[in-house]
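Good morning, everyone, and thank you for making time. I would like to walk you slowly through one structure, so please have it open while I talk.

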Amino acid sequence: MTVKEMADALKLRVFSAGEGMKNKVAGGYTSDLLSDVMGYADTGQVWITLQTHKNVMAIASLKELSAVVLVKGFEPDEDTLALARQEQIPLLGTPDQAFEFSGRLYRMLHP
Amino acid sequence: MDLSFQIQGGDFTSAGTASSQVRRTLKELGVDASVIKRVVVALYEAEVNIVAHAYRGLITAEIKPDQVFMKLIDEGPGIADIEKAMTPGFSTASQEVREMGFGAGMGLPNICRNADVFNIHSVPGKGTTVEITIQIK
């Protein structure tokens, strides 16, 4: 499944798309602690978080994550969005809370 | 090849710039992806520690065919009890920094886990020096 397919199927809001929409979704990682993601997330995973600041995209880029999904209707800061565009990493949003969204994505990845 | 970066304490908008540059250079040099991943985690955490805790710092990265050696020297409050600082979950980060999702007490453990050699030396009231060596297979 690509990020585009995930975004369509789960009706995600697209803050920033770009080349990364073709990325393959290797899994998901749900956490709001940046060092947890830095230390334990894997390449190609979708990062599910309520953090909206720029450092999220810096970590997504360093870890080569496939996309970032902001939960609970949160919107990215201006500089977060700018970095997402620059790095071509999809920045997406859902009104769901983290537990619900993680569940929906998990079910798609492990039907 | 040597790279160096000046880091400003408190400047979270630039946090990760050094790590990103070192990662790019290692990729260009064709270094194994698993090695780059470890360098990125260790260097990012050490870089963020300067931003979150120190006044300013200097990062140097020495890339050789067999290893990456990184040295981070900061001017800052230093660490009184290094053993305590190394304990997973322990942090002295401010509330503001914690709300950003930093300061979970995972930084130094993350560095430790990814480094082949890790040295930390601190003088309270002056600053901290961290040395990280990662072998290139």
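This is a predicted model: local features need pLDDT of at least 70, side-chain atom pairs count only at pLDDT 80 or more; totals for chains, interfaces and linings use all residues.

Helix 1 of chain B, which covers residues 17-28, and helix 2 of chain B, which covers residues 33-53, have axes that come within 9 Å and cross at roughly 160°. Since an angle over 145 degrees counts as roughly antiparallel, that crossing makes helix 1 of chain B roughly antiparallel to helix 2 of chain B. The crossing of these two helices is right-handed.

If you look at where they meet, helix 1 of chain B brings B:Ala18, B:Ser19, B:Val22, B:Arg23, B:Leu26 and B:Lys27, while helix 2 of chain B brings B:Ile36, B:Val39, B:Val40, B:Leu43, B:Tyr44 and B:Glu47. Sorted by class, this contact has eight nonpolar residues, one polar residue and three charged residues.

Now stay with helix 2 of chain B, but turn to its contact with helix 5 of chain B, residues 107-114, where the axes come within 8 Å and cross at roughly 150°. This makes helix 2 of chain B roughly antiparallel to helix 5 of chain B, and the crossing here is left-handed. From helix 2 of chain B the contact uses B:Arg38, B:Val41, B:Ala42, B:Glu45, B:Ala46, B:Val48 and B:Asn49, and from helix 5 of chain B it uses B:Gly107, B:Asn110, B:Ile111 and B:Asn114. These residues divide into five nonpolar, four polar and two charged.

Which residues have the most contacts inside the largest nonpolar core? That core has 65 residues, and the ones with the most contacts inside it are A:Val68, A:Val69, B:Val39, B:Ala42, B:Leu43 and B:Ile132. Helix 2 of chain B gives the most to this core, with 12 residues. As general background, nonpolar side chains tend to be buried together in soluble globular proteins. To take one example, and leaving aside residues up to four places away in sequence, B:Ile132 touches B:Ala42, B:Leu43, B:Ala46, B:Met70, B:Ile111, B:Ala115 and B:Phe118.

Finally, let us consider how the chains meet, in a contact that takes 15 residues from chain A and 18 residues from chain B. On the chain A side, the elements that give two or more residues are helix 2 (34-40) and helix 3 (55-62) of chain A, and helix 2 of chain A gives the most, with five residues. By class, that side has five nonpolar, six polar and four charged residues.

Definitions and conventions:
Residues are numbered from 1 along each chain as its sequence is written. Chains are lettered from A and ligands numbered from 1 in the order in which they are written. Axes are lines fitted to C-alpha atoms, for helices over the stretch in contact, and angles run from 0 to 180 degrees between N-to-C directions. Helices (H or I, at least four residues) and strands (E, at least two) are DSSP runs, numbered from the N terminus. Angles under 35 degrees count as roughly parallel, over 145 as roughly antiparallel, 65 to 115 as roughly perpendicular and the rest as oblique. A crossing is left-handed if the near helix is turned anticlockwise from the far one by less than a right angle, and right-handed if clockwise. Two residues are in contact if their C-beta atoms, placed from the backbone, lie within 7 Å. Ala, Val, Leu, Ile, Met, Phe, Trp, Tyr, Cys and Pro count as nonpolar, Asp, Glu, Lys and Arg as charged, and the others, Gly among them, as polar. A nonpolar core is a set of buried Ala, Val, Leu, Ile, Met, Phe, Trp, Tyr and Cys residues joined through C-beta atoms within 7 Å. A residue is buried if 20 or more other C-beta atoms lie within 10 Å of its own, exposed if 12 or fewer, and partly exposed in between; C-beta atoms are placed from the backbone.
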